[in-house]
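Hi,

Here is the structure I promised to pass on.

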Amino acid sequence: RGCLPGLEQRRRQRRGVAVVGAKLALVLAVGLFIALVQVLQLWLFAGLGLFGDAESFGLSLSAGSWVWLVVLIVPLAALISAVLLLLSARAGSYKEFQIVFFPLLLVCAALASVAVLPAASLRSIVVLLPISNVAVGLRETMSGRLDVPFLLAAVGVSFAWAGLAAWGVLRALTSERLVTSADAERADLVGGRGLFERHVLRWFAAMWAIVLLSSANLPFLGELRAQVLFNLGVVFAGASFLMIKVYRLDVRQALSLRAPHPAVWPAVVLAAPAGLIVALLSSQLGSGLFPIPQEMAEAFSRALLPEDLSLVELLFWIAVMPAVCEEIAFRGVLMHGLRRKLSPLALCLATAVVFALFHFELFRLLPTMTIGLMLAGVTWLSGSIYPAVVWHGLNNGLAVVAEKREIRLDEVEPWVSAASVAVLVGCFAWFWRFRRPREHAPGRDDSTAARESGDEVPAA
């Protein structure tokens with residue numbers, strides 16, 4: 001008799017796995033059909049020449065190229081099908097699915113757009129990026145360049161990503177705690193911190209889409225000051241305080257507005273220049289993995305540091321404004337929204353990744369994520385946003401001054417790089433020595449926070 005409940009539970013799990021597999025197979029069949037239709041259209045255009053001259057578009061497709069087109073598209077269809085099914089499993093309603101789907105579509109479009117970069121190649125970290133690896137592989141295949149080992153690697157990586165998404169679907173659809181549970185309905189009715197924690201990533205996805213679309217469609221944002229005011233002042237800071245108001249959050253708790261240990265400040269001053277050198281080292285790694293034309297890098301530098309602005313103005317717009325507004329958004333509101341869901345290390349990594357995604361240029365991805373990880377770490381260890389604000393301002397300010405003085409921080413001696421790594425490690429050891437994680441802020445336990453946010457506290 002004692003074994004019967006376990007046997008019945010395993011039978012239910014097997015039935016659940018079978019149902020999930022059938023759903024995934026159905027969605028995959030539709031995705032594969034659409035993908036093969038696209039290959040057929042390309043064959044009618046380039047293979048038979050029914051709609052024009054393919055060579056005028058730089059297409060060079062052999063019999064082997066057509067095989068590789070199909071081989072590349074199959075794992076891509078599997079990945080997208082699994083992600084869409086996972087999204088539908090996590091969404092509580094069709095409206096909620098639509099809200100999350102649009103930012104996801106923009107992310108997929110951004111990953112696919114890597115193929116338009118002339119220097120993007122499968123012989124880089126691109127081969128590990130979902131969608132990007134297939135997009136670049138399709139471009140190279142249609143151009144007649146068959147790099148078979150890396151094409152196989154792209155297929156394998158895509159299947160791995162698809163398997164990871166399918167595993168997420170299996171967990172979501174076989175779980176007894178679905179999104180229509182009483183807890184979710186209670187959070188929708190009560191609001192407060194519980195609902196904020198469920199919605200925080202949607203807010204940041206919407207902010208990401210607004211920044212991306214506005215940068216491409218609002219001509220006045222071509223000027224540095226207007227762009228900083230809109231992106232940082234309106235989107236980052238404005239949306240952060242709007243979330244605090246909508247979900248009735250405590251401002252001091254949501255933004256970690258508490259004094260750190262006084263011993264933290266000297267280490268912050270030392271860590272900022274060392275962290276900048278380390279971030280530039282990761283930038284050099286990124287330039288090898290995300291190669292870009294020199295003209296693109298020079299154009300970006302001119303746009304970021306216009307000659308008509310004085311050094312004081314540049315320090316305000318590029319150092320002070322980002323230090324305040326971005327820290328409010330990322331190390332303040334975002335960390336507060338995710339801190340009960342993730343471990344400290346995962347929390348710092350997640351906020352660093354989101355922070356990097358808001359800097360759309362691929363060559364800035366690794367250095368921005370490196371800086372974001374440092375800022376998240378010092379925020380968690382000190383329990384305060386203030387050290388991150390100062391560190392962020394010093395980092396950007398030093399970079400601006402070095403650029404204006406034509407000091408190449410990315411070409412320092414090896415011993416300087418090694419010393420910077422050592423100083424950074426020592427500073428974080430110092431932060432750990434005087435740590436004040438905000439989870440253990442005196443007089444601010446979870447019960448107090450729950451009462452302030454409007455959530456009920458269960459009786460002991």
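In this predicted model, helix α8 meets helix α12 through Leu224, Arg225, Val228, Leu229, Leu232, Gly233, Phe236, Ala237, Ser240, Phe241, Met243 and Ile244 on the α8 side, and Glu313, Leu314, Trp317, Ile318, Met321, Pro322, Cys325, Glu326, Ile328, Ala329, Phe330 and Val333 on the α12 side. A contact here means heavy atoms within 4.5 Å. Those residues split into 19 nonpolar, two polar and three charged, where Ala, Val, Leu, Ile, Met, Phe, Trp, Tyr, Cys and Pro count as nonpolar, Asp, Glu, Lys and Arg as charged, and the others, Gly among them, as polar.

As for the geometry, α8 covers residues 224–246 and α12 residues 311–338, and they pack at about 25° with their axes 9 Å apart. That makes α8 roughly parallel to α12; the cut-offs are under 35 degrees for roughly parallel, over 145 for roughly antiparallel, 65 to 115 for roughly perpendicular, and oblique for the rest. The axes are lines fitted to C-alpha atoms, for helices over the stretch in contact, with angles running from 0 to 180 degrees between N-to-C directions. The crossing of α8 and α12 is left-handed, meaning the near helix is turned anticlockwise from the far one by less than a right angle (clockwise would be right-handed).

α12 also bends by about 40° at Glu327, the bend being the angle between axes fitted to the seven residues ending there and the seven starting there. With 21 of its 28 residues buried, α12 is largely enclosed by the rest of the structure. Buried is under 20% relative accessible area, exposed is over 50%, and partly exposed is in between (1.4 Å probe, protein chains only).

Which residues does Lys404 touch, leaving aside its neighbours within four places in sequence? They are Leu309, Leu311 and Leu314. Lys404 is partly exposed, at 36% relative accessible area.

α15 has another partner in α14 (residues 365–382): the two pack at about 155°, axes 8 Å apart, and are therefore roughly antiparallel. This crossing is right-handed. Ile371, Met374, Leu375, Val378, Thr379 and Ser382 in α14 meet Pro387, Ala388, Trp391, His392 and Asn395 in α15, which gives seven nonpolar, four polar and no charged residues.

Helix α4 (residues 132–142) is largely enclosed too, because ten of its eleven residues are buried. Just after α4, Gly144 has a positive phi of about 90°.

Arg248 is in the loop between α8 and α9 and is partly exposed at 41%. Ser256 is in the loop between α9 and α10 and is buried at 2%.

Overall, the protein has 17 helices and zero strands, taken as DSSP runs numbered from the N terminus (helices H or I, at least four residues; strands E, at least two). Of its 460 residues, 42% are buried.

Residues are numbered from 1 along each chain as its sequence is written. Local features need pLDDT of at least 70 and side-chain atom pairs 80 or more, while totals for chains, interfaces and linings use all residues, and side-chain values use heavy atoms, with hydrogens and water left out.

Cheers
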